[in-house]
Structures are given as structure tokens and as C-alpha cells.
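Let's take a walk through this structure together, with the sequence and the 3D view open side by side.

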Amino acid sequence: MDCEVVVVGGGIGGLTTAALLAVRGVKVCLYERQARAGGCVANFEHLGYAFEPTGGLYSGWGPDGLYDRIFAELPVGPPEVERLSPAYVVRLPDSTEVAVSDDADHFEDNLRSAFPECSAGAVDFYHLLDQIDSSVKDKSKAVEPAAAHLSDCSIRFRRFIDVQLQTFIQSESEQCPLHQAALALMTPRRGMWAIRGGAQALADALAESLKKSGGSLRLNAPVLRLAYGSDGLPMAVDLLSGERVTATRAIVSNLTVWDTYGKLIGLSRTPASLSAQLKQLQAWGAYLLFLSMDRSAAARLSSSRILALTDWQENQAYSPDLGQFMFAAAPPSDPRAPDNKLAVTVSTFTRAEDWFAFHQDESAHEEQDQTTLESVWSRLHAAMPELGDSVEVIESATPRTFYEDTRRKLGMVGRPGGSLSIPGAEVGSSQTIFPNVFLVSDTNSSGLGLAGVSESALALTKVLTDRR
């Protein structure tokens with residue numbers, strides 16, 4: 001079988017690329033190993049609930065925004081979205097709450113009220129972020145660590161910043177360049193949305209568009225590796241089924257950066273210098289609790305999205321696995337649950353490698369899961385006492401769960417710290433070591449979250465269609 005472009009992986013990046021290429025007349029084939037498209041944003045469905053495996057915060061859905069531009073080309077409509085107001089609330093260990101909203105005056109008033117000990121410094125820091133995000137003339141400031149501009153601020157405000165940076169880009173103020181901090185902290189200020197049905201609804205719409213435009217979508221079709229021609233360049237993909245599919249123009253990987261080189265391209269063809277870089281790239285794992293919550297309890301919450309900092313961690317480096325969680329409840333208009341219930345996802349960070357020690361059987365993993373569940377459950381109720389007995393655990397998910405579902409290295413999630421240096425390619429570029437192999441993934445996107453992946457896919461689609 002021949003295709004112009006073969007896409008490996010049916011996450012949002014792969015689906016967006018394939019859907020746009022198909023509607024532009026490119027013969028495209030997408031192969032996904034799971035029974036449903038969506039990748040790492042696919043809903044977890046159980047006992048009548050549909051849980052998002054994320055914090056459920058999405059940017060890019062405003063008028064004339066990213067998704068308007070994408071769906072303007074497609075033969076299907078976008079999923080329904082609801083603007084979150086506020087985007088989320090940050091709850092501190094002393095029970096102070098800061099609503100992060102797009103109302104600048106209200107937000108600055110919140111900062112002054114929440115951080116009276118450094119109110120001017122807190123407001124000035126956000127003013128600086130706004131300048132950086134708007135391409136400030138002094139570029140030297142943009143590469144400095146964010147912490148360099150927090151010296152006049154209290155540990156309370158610095159941890160308020162750290163918990164958000166960790167949530168959105170897996171970094172903290174001591175290490176995060178100011179321009180990345182501006183992206184992570186100012187994007188929510190410009191609006192965040194919930195998607196009805198979760199990001200799964202976006203995946204389903206893109207998959208439908210791909211098929212309507214004549215593209216091929218194969219589920220339950222794992223790709224093993226690339227196949228190479230006599231000139232040493234990739235020319236096809238080999239499927240687990242034994243099929244070989246030729247790509248006459250390009251191959252697009254929607255796998256992680258580790259799996260793109262380690263499994264798809266192959267370690268034997270990956271330069272040693274690049275392999276060394278890949279070994280140094282690390283991301284956090286995710287530990288999730290999927291909860292059922294009484295619908296009546298939603299009225300007691302200050303927001304459907306609460307980012308809780310549970311420990312100041314003074315006089316030490318910030319460690320997210322010890323001090324934070326994101327509480328994300330489905331809105332009453334989209335409960336994703338049985339009658340009078342709401343689906344809730346509580347997401348925390350964990351050290352992914354700790355879940356992959358060798359054991360003779362599964363009992364050690366189950367014990368580790370139970371211990372972590374009890375710890376997160378205790379922190380949840382200590383930070384959010386208003387929940388009371390309105391929530392119960394339906395299921396949990398560990399990095400092992402993510403690995404089994406997605407085959408991501410050690411079940412790691414999101415963009416790793418650092419980036420690969422590929423000769424001739426810009427940081428965040430979709431280019432790999434081969435001119436006809438591209439990577440569009442959350443592990444190499446320079447943007448924020450799902451919108452960053454979608455933006456990368458839109459840019460890659462232009463590159464591929466311009467080459468025709």
C-alpha cells in the first residue's frame with residue numbers, strides 16, 4: 001500500500017496533521033495502536049463515567065483563534081466549548097485563594113489581597129511577564145531565570161508561581177527562562193476553556209474529518225519501525241501485522257521524542273550524540289485519581305479547577321510530587337457521569353522511574369498504588385475540606401497505566417525539561433535527523449499544552465503542502 005504521507009500515532013498532533021493534509025488533497029494514512037483515537041488525552045470510561053486524564057484546561061478556543069483557523073478548513077464542526085471564569089483558582093497552604101482570570105484589574109486586586117507582604121513586587125512581576133509575552137525590546141531579560149525577578153517577593157508568591165509553572169511546563173522559577181514563564185503564566189490570563197466531552201471530543205472530530213476528506217484511519221494498527229531504502233532514507237513503515245506501507249513524501253511521528261528515535265527510527269540509526277541527549281531528557285510521571293462527586297458539592301467549590309499547593313517547601317528546592325495537585329471537575333452542563341454525579345480528575349506528579357522497578361508479580365505495584373492513593377487522598381481532603389464525604393474513588397492511574405495505554409517511555413507525560421539539538425533544526429521544530437521524517441508531539445512542541453501541539457501540527461501541515 002502506498003500513501004503520500006504516513007502518520008504514526010492518533011493523538012491530537014497526529015490527527016490534526018492528518019485531517020488538514022487530507023482536506024488539502026494529500027493522500028494520508030494514519031495508524032493508531034489503540035482501539036480509539038486520542039492518544040494520551042483519550043478519556044477513561046468506567047462505570048458510566050468518562051474521565052479526562054488531564055486538568056481539563058484548554059487555550060486557543062477564542063474567536064478567530066487557533067481552533068477557528070483549523071476547523072475553518074475542515075468538513076466537520078468543532079466540539080462545544082465553555083469559557084472558564086476564572087480559568088482556575090490557586091489555593092495556598094494557608095487557605096488563601098487566587099483566582100486566575102482574564103480581567104486584569106480584578107486579577108491584580110487579587111494579587112494585592114493575597115500577597116500583602118509583596119503586593120508591588122507581585123504586580124510588577126506580572127507586568128514584566130506581559131511585556132515579555134508581547135516581545136519586549138530587551139531580549140536579554142527573556143532568557144534570565146524567572147527567579148531573578150522574584151528577589152523582592154515572598155516565598156508565598158514564589159510558590160504561587162512555581163506551582164503554576166510546574167503544572168503547565170514542568171519547570172519552576174529557579175530554572176525556567178522568563179520567556180517560558182511568560183508563556184505559561186500569561187496564556188491562562190487570556191482565557192481557558194473546557195471542552196464538552198473532554199479533549200476526546202476534539203480527537204473524535206478530527207478523526208471524523210480525516211475520514212470525510214478521504215484519508216485513511218487505521219485503529220488497532222501498531223507500527224513497529226521505519227523501513228529504509230537503498231539510499232539509507234526512510235521510505236515506509238512496517239506494521240505489527242506484517243504489512244509495509246510506503247510513504248512517497250513524508251512520515252510524521254506523533255510518538256514521543258524518545259519513541260520516535262528509540263523505536264521508530266531505531267537506536268542503530270540515531271547518532272550517538274543525539275542518543276546521549278535523549279538519555280538526559282526527563283519528564284515527570286502522572287498519578288491520577290478518578291473520582292465521583294455529588295453534583296450538589298459543586299456549589300461549595302470556588303472553581304471547577306483548583307490548583308492546590310499543599311506545602312510551602314521553604315528552604316529547599318521545589319518538588320511537585322510532595323506539594324501540589326490539580327482538582328478538575330466536569331461542569332454540571334457536561335457531567336460525564338451518572339445522574340446527580342460529576343466526573344472529577346485529581347492529577348499529581350510522581351517520579352516515573354519509581355514505578356518501573358522489577359518485581360516478581362503485580363503485588364508490589366498494587367501496594368505502591370494503594371500507598372500513593374492514600375497519601376493523595378489525605379492531601380486532597382486537608383486542602384479541600386469542603387468536599388467532605390461528597391467524593392469517592394472510582395479508579396486510579398499510575399505511570400505504569402500510561403505506559404500500558406500509550407507506550408510512552410516510563411509513562412512520562414508532557415514536555416521534558418531541556419530540548420534536543422538537531423543540526424539545521426530550530427528548537428521546537430518538527431524536523432528530525434531525516435529530511436522526510438517529522439515529529440509533532442507534546443514532547444517537542446514549543447507551545448503550551450494541547451494548543452501548542454495543535455499549532456505545531458498546523459505549521460507542519462503548511463510545510464508539507466508547500467512542498468507539493
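Start at Arg91, which counts as buried at 9% relative accessibility; buried here means under 20% relative accessible area, exposed means over 50%, and partly exposed is in between, with a 1.4 Å probe and protein chains only. Arg91 forms a salt bridge with Glu97, and their closest N and O atoms are 2.4 Å apart. A salt bridge is a side-chain nitrogen of Lys or Arg within 4 Å of a carboxyl oxygen of Asp or Glu. Glu97 counts as partly exposed, at 29% relative accessibility.

Before going further, a word on what you are looking at: this is a predicted model, in which local features need pLDDT of at least 70 and side-chain atom pairs count only at pLDDT 80 or more, while totals for chains, interfaces and linings use all residues. Residues are numbered from 1 along each chain as its sequence is written, and side-chain values use heavy atoms, with hydrogens and water left out.

Back to the charges. Searching the whole structure gives 24 salt bridges. One of them joins the side chains of Lys341 and Asp294, at 2.6 Å from N to O. This pair links distant parts of the chain, 47 residues apart: Lys341 belongs to strand S16 (residues 341-350) and Asp294 to strand S13 (residues 285-294). Helices (H or I, at least four residues) and strands (E, at least two) are DSSP runs, numbered from the N terminus. Lys341 is partly exposed at 22% relative accessibility, and Asp294 is partly exposed at 24%. Elsewhere, a network of salt bridges links Arg36, Glu45 and Asp204.

Now for the sheet that holds S13 and S16. Seven strands, in the order S7-S6-S14-S15-S16-S13-S17, form an open sheet with mixed pairing. At its edges are strand S7 (97-100) and strand S17 (391-397), each of which pairs on one side only. Neighbouring strands of this sheet are turned by 20° against each other on average, direction ignored. Such angles run from 0 to 180 degrees between N-to-C directions, and the axes are lines fitted to C-alpha atoms, for helices over the stretch in contact. Two strands pair if DSSP finds at least two bridges between them; S13 and S17 run antiparallel and are joined by 6 bridges. Look for Ser292, which stands opposite Glu392 in S17.

Which helices lie across this part of the structure? Helix H6 (residues 155-169) lies across strand S6 (88-91), S7, strand S14 (305-309), strand S15 (324-329) and S16, and runs at about 120° to S14. Helix H13 (residues 399-406) lies across S13, S16 and S17, at about 100° to S13.

Strand S1 (residues 2-8) pairs with strand S12 (residues 244-253) in the parallel sense over 6 bridges, and Val6 stands opposite Ile251 in S12. Strand S11 (residues 234-239) pairs with S12 in the antiparallel sense over 3 bridges; here Asp238 faces Arg244. The hairpin of S11 and S12 has 4 residues between the strands, and in it Gly242 takes a positive phi near 100°. S12 also pairs with strand S18 (residues 437-439), in the parallel sense over 3 bridges, with Val252 opposite Phe438 in S18.

Our last stop is a loop. Thr187 is found between helix H7 (178-186) and strand S8 (193-195), and is buried at 17% relative accessibility. A polar atom of the Thr187 side chain lies 2.7 Å from the backbone oxygen of Leu183. What is Thr187 in contact with, leaving aside its neighbours within four places in sequence? The partners are Ser59, Ala182, Met192 and Leu448, where contact means heavy atoms within 4.5 Å.

Key
Polar contact = N/O pair within 3.5 Å; in protein donor to acceptor, adjacent residues only side chain to side chain.
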